[in-house]
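Subject: Handover of a structure

Dear colleague,

Please find below the structure that I am handing over to you.

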Number of protein chains: 4
Amino acid sequence: MTVAEKAGLPVSRRKPAGRKSQQRVKEILQAGRDVFSERGYERATTAEIAQRLGISEATVFSYFRGKRELCARVIGDWYDEIIDAIEAGLPRDGSVRQQFAFIVRMHLRLMLVNGTDLCALVLSEGRARHHELSEALTELQRRYTAPLMRVLAQGQQSGEIRADVPLRLLRSMVFGPMEHVLWDATLTNRQIDIDATADQLIDVLWAALTPPDLALSALQRFRMDVAEASRRFDEASAARREKND
Amino acid sequence: MTVAEKAGLPVSRRKPAGRKSQQRVKEILQAGRDVFSERGYERATTAEIAQRLGISEATVFSYFRGKRELCARVIGDWYDEIIDAIEAGLPRDGSVRQQFAFIVRMHLRLMLVNGTDLCALVLSEGRARHHELSEALTELQRRYTAPLMRVLAQGQQSGEIRADVPLRLLRSMVFGPMEHVLWDATLTNRQIDIDATADQLIDVLWAALTPPDLALSALQRFRMDVAEASRRFDEASAARREKND
Amino acid sequence: MTVAEKAGLPVSRRKPAGRKSQQRVKEILQAGRDVFSERGYERATTAEIAQRLGISEATVFSYFRGKRELCARVIGDWYDEIIDAIEAGLPRDGSVRQQFAFIVRMHLRLMLVNGTDLCALVLSEGRARHHELSEALTELQRRYTAPLMRVLAQGQQSGEIRADVPLRLLRSMVFGPMEHVLWDATLTNRQIDIDATADQLIDVLWAALTPPDLALSALQRFRMDVAEASRRFDEASAARREKND
Amino acid sequence: MTVAEKAGLPVSRRKPAGRKSQQRVKEILQAGRDVFSERGYERATTAEIAQRLGISEATVFSYFRGKRELCARVIGDWYDEIIDAIEAGLPRDGSVRQQFAFIVRMHLRLMLVNGTDLCALVLSEGRARHHELSEALTELQRRYTAPLMRVLAQGQQSGEIRADVPLRLLRSMVFGPMEHVLWDATLTNRQIDIDATADQLIDVLWAALTPPDLALSALQRFRMDVAEASRRFDEASAARREKND
DNA sequence: GATGAATGAGATTTCATTCAT
DNA sequence: AATGAATGAAATCTCATTCAT
């Protein structure tokens with residue numbers, strides 16, 4: 001049972017009994033993935049999906065209840081892939097930082113490998129609160145971010161990750177830049193060095209996640225105290241001089 | 001002259017000479033803002049926009065050349081508002097961190113005040129590279145991110161912001177989380193304490209932007225300050241002694 | 001009273017009392033002539049007509065009951081001009097051939113001077129049996145072709161023009177080529193030497209109109225008789241030879 | 001391959017594979033022919049075309065990319081019919097006059113058989129240089145007039161057709177009256193005796209095309225024929241005499 | 001006398017979806 | 001299992017025309 005199915009997304013019209021049938025479903029899902037990615041939900045047409053497979057539109061509709069359902073399956077499957085890959089490869093025994101790095105790197109890699117187009121679909125369609133589609137996706141979103149949340153929580157407990165900021169915000173701190181980087185790359189048609197970018201991102205993000213250096217902040221506070229003392233001393237000296245004149 | 005006009009977007013079919021006419025334009029822009037936000041570009045209909053104002057569709061088309069242009073104006077105006085507000089209020093004489101904080105806080109505030117729906121529109125439509133709309137928006141995007149880029153570059157030169165990471169990535173580090181936070185708030189229908197969130201975000205982001213070895217440089221500066229204070233203290237002591245002699 | 005008025009075309013909404021008013025009417029008719037010519041009836045818009053004059057559409061409608069009426073006036077006025085020019089200049093005392101030549105030359109000249117565009121309008125719109133407009137134009141057509149018909153009839157009586165063909169057909173023989181030449185010039189964007197073309201056309205047309213040379217046709221018939229006799233002689237010779245063999 | 005296809009006109013959205021499909025295409029083309037003829041391009045509506053067939057508008061659009069293309073096909077097919085009929089029946093071995101007569105007669109007949117309405121469409125729409133439609137028709141026009149041009153050129157070389165006038169003008173001399181006659185018949189709703197009219201037209205036109213000095217050359221040829229006959233008679237007489245000797 | 005503003009009535013076109021075969 | 005054929009429903013956009021000011 002896939003994640004999509006667990007999330008309660010409606011699936012198909014016919015029971016995909018035969019092996020041939022399952023093959024067809026796969027083909028349609030792939031074509032759907034391509035077309036939805038390239039055009040976005042609204043501008044994608046069932047006609048084009050069928051045409052790419054050289055089959056008739058009617059056939060598509062005999063495997064999926066409709067355009068919306070097909071799109072839901074496409075997005076659901078994409079989530080499944082990522083979630084499975086992350087869950088499978090996550091070094092649960094590694095350090096918090098190692099696990100964090102793995103998640104970020106893996107995400108970036110999977111998103112790019114799948115083509116940023118698909119990512120764009122998920123982002124802009126999955127997020128648009130418009131259609132009913134989004135309801136079913138909320139659960140997927142949860143599962144999708146679950147590994148990161150777990151690691152962050154673990155880090156907060158162990159003191160490796162700052163706890164003075166809500167987890168929800170930290171999650172935005174991690175996913176936000178990743179998505180933004182991908183948008184950027186997609187929109188400007190820029191090829192990015194996936195691993196180098198991942199390393200930089202991990203580095204910068206980690207700096208944001210770790211607790212502010214206590215020693216450093218204490219030092220800063222002390223430094224300010226000294227500066228203040230120095231200023232007061234100068235003022236006092238000046239005042240005394242005036243009085244003596 | 002608005003940013004939209006500068007960007008060369010076609011504007012209206014009818015000359016908005018009269019005061020009444022200008023009022024209508026405003027009304028339609030407002031209704032358009034609402035509908036486009038709520039539904040997204042494709043699912044928004046000119047019929048609904050007209051209906052909300054209690055006017056006929058034809059009237060909408062007599063003020064705007066078409067749906068696309070209306071949407072462009074809606075988005076363009078939104079950009080204008082934000083760009084103008086940032087440019088006007090930016091404390092150019094303040095420290096890098098002050099300017100940075102202003103930009104982040106202002107962005108969040110404006111995005112939320114305008115309704116995250118609109119923000120969603122700009123994000124998902126302005127970014128979908130499908131339609132021609134996006135062409136006209138590239139310049140707006142540039143102007144929109146210009147203040148932040150300026151401040152970041154300034155900070156890199158002064159050593160306050162890490163220079164070992166491309167500006168482009170740092171930009172994603174800043175805008176990404178902001179947008180993600182807003183998505184989050186919108187999708188989960190959660191009210192967020194705007195100023196508290198801004199403060200937290202600024203704090204966390206700044207940690208990411210700061211050069212990793214800032215602790216050392218801070219210590220060095222502190223030593224110099226102490227040495228200076230010590231020198232002034234000695235001078236003062238010497239001076240007083242002379243006077244007493 | 002113009003020809004158009006005589007033909008019963010509806011004219012204007014308001015009484016054009018003042019001199020200023022009459023000036024307006026003229027301006028609108030001129031702009032209408034331009035736009036209808038350039039675009040054809042259906043593709044012409046009242047908006048463009050008004051715009052070219054820098055006035056509002058509403059003003060056009062306060063001088064003319066509607067688009068159809070305006071177009072009818074434009075076409076009617078064009079007919080008036082041509083009819084008047086022909087009737088005024090026709091050398092009624094000249095020979096049939098002189099009058100014929102005058103009519104053809106004048107027509108070509110007026111059509112081209114007015115721009116073939118206008119001619120195209122009259123031809124394709126005036127002729128389209130579609131709209132009610134055409135009804136009113138039938139009478140104009142009659143008056144328009146009247147001078148030629150008169151001359152042709154006169155020629156038939158005097159024996160200068162062949163009478164073995166209906167007048168109606170001869171009329172088509174004259175107007176058909178003229179219009180075709182103009183279409184041709186317009187469509188291929190070819191400048192034509194108006195007077196040279198007129199001379200050639202008159203020459204060729206006259207050859208078609210004059211009675212078939214009786215002497216010549218008698219000659220031809222005689223020639224055929226001789227040829228036939230010759231053939232029969234050859235056959236007879238051949239037959240005789242075979243018999244003798 | 002039809003002329004329309006050769007001209008590169010886009011054809012249909014759906015592949016007309018099945019027999020039923022081809023039937024539908026024919027039906028729509030026929031209905032289109034009717035409606036476009038009756039109303040002209042602009043006033044014809046896809047709604048009416050569909051309605052006459054008792055099908056939905058959407059069906060029309062699933063066989064033709066749009067109104068423009070449908071009209072192009074209608075006109076293109078009409079040209080095809082005429083061109084094919086002329087090319088197929090043209091007596092290439094006949095005299096110039098025979099070929100000329102065939103072309104004129106055939107044209108008139110086909111134009112009338114197809115209904116002068118259609119002819120009106122082609123004339124007024126195909127010629128209106130407004131829309132893009134006309135571009136595709138230029139080539140058809142060329143092919144359409146090609147046979148006549150060939151015959152005229154041939155006649156000019158053999159001296160049977162006057163060469164002191166440009167071919168282009170002679171072409172107008174031929175097509176102009178034909179079209180005018182048809183207009184006339186259509187507008188006045190007059191039934192015309194097609195063959196009688198054709199004969200008259202051919203007769204009159206031929207008089208216009210013949211070199212003005214044909215009487216002289218006919219006479220010369222007659223003299224030569226007589227001389228030849230005389231010579232053969234002498235020979236025959238001589239031969240008989242020899243035999244009798 | 002002129003017009004700013006508004007609109008009713010279409011026209012073309014698109015597309016997801018159904019159903020008999 | 002597949003599809004050819006058809007379509008309902010809607011969306012964008014155009015334009016002649018009206019009318020209060």
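The model is predicted: local features need pLDDT of at least 70, side-chain atom pairs count only at pLDDT 80 or more, and totals for chains, interfaces and linings use all residues. Residues are numbered from 1 along each chain as its sequence is written, chains are lettered from A and ligands numbered from 1 in the order in which they are written, and side-chain values use heavy atoms, with hydrogens and water left out.

DNA strand E

A polar side-chain atom of Arg24(C) is 3.1 Å from a phosphate oxygen of DNA strand E, and a polar backbone atom of Ser21(B) is 3.2 Å from a phosphate oxygen of DNA strand E. The elements giving two or more residues to the surface near DNA strand E are H4 of chain A, helix H2 (19-43) and H4 of chain B, H4 of chain C and H4 of chain D. Helices (H or I, at least four residues) and strands (E, at least two) are DSSP runs, numbered from the N terminus.

DNA strand E is surrounded by 35 residues, of which Arg24(B), Thr59(B), Tyr63(B), Thr59(C) and Tyr63(C) are the closest. A residue is near a strand if one of its heavy atoms lies within 4 Å of it. Sugar or phosphate supplies 65% of the atoms of DNA strand E within 4 Å of the protein, and bases supply the rest. The surface near DNA strand E has 12 nonpolar, 12 polar and 11 charged residues. In this division Ala, Val, Leu, Ile, Met, Phe, Trp, Tyr, Cys and Pro count as nonpolar, Asp, Glu, Lys and Arg as charged, and the others, Gly among them, as polar.

DNA strand F

Around DNA strand F there are 34 residues, and Thr59(A), Tyr63(A), Arg24(D), Thr59(D) and Tyr63(D) come nearest. Of the atoms of DNA strand F that come within 4 Å of the protein, 62% are from sugar and phosphate. Phosphate oxygens of DNA strand F lie 2.5 Å from a polar side-chain atom of Thr59(A), 2.6 Å from a polar side-chain atom of Tyr63(D) and 2.8 Å from a backbone N or O atom of Lys67(B). Two or more residues of the surface near DNA strand F come from each of helix H4 (57-63) of chain A, of chain B and of chain C, and from helix H2 (19-43) and helix H4 (57-63) of chain D. That surface divides into 12 nonpolar, 11 polar and 11 charged residues.

Helix packing

Helix H9 (residues 167-187) of chain A packs against helix H9 (residues 167-187) of chain B at about 120°, with the axes 6 Å apart. Axes are lines fitted to C-alpha atoms, for helices over the stretch in contact, and angles run from 0 to 180 degrees between N-to-C directions. H9(A) is therefore oblique to H9(B). Angles under 35 degrees count as roughly parallel, over 145 as roughly antiparallel, 65 to 115 as roughly perpendicular and the rest as oblique. The crossing of H9(A) and H9(B) is right-handed; a crossing is right-handed if the near helix is turned clockwise from the far one by less than a right angle, and left-handed if anticlockwise. The residues in contact include Phe175(A) in H9(A) and Phe175(B) in H9(B), where contact means heavy atoms within 4.5 Å. By class, 10 nonpolar, 6 polar and 8 charged residues make up the contact of H9(A) with H9(B).

In chain C, the axes of helix H9 (residues 167-187) and helix H10 (residues 194-209) come within 11 Å and cross at roughly 155°. H9(C) and H10(C) are therefore roughly antiparallel. Their contact has 10 nonpolar, 1 polar and no charged residues.

A loop residue in chain A

Thr210(A) sits in the loop between helix H10 (194-209) and helix H11 (214-244) of chain A. Its C-alpha is 5.2 Å from that of Arg162(A), although the two are 48 residues apart in sequence. The side chain of Thr210(A) reaches the backbone oxygen of Ala207(A) at 3.3 Å.

With kind regards

Notes
A polar contact is a pair of N or O atoms within 3.5 Å; within protein, one must be able to donate a hydrogen and the other to accept it, and residues adjacent in sequence count only if both atoms are side-chain atoms.
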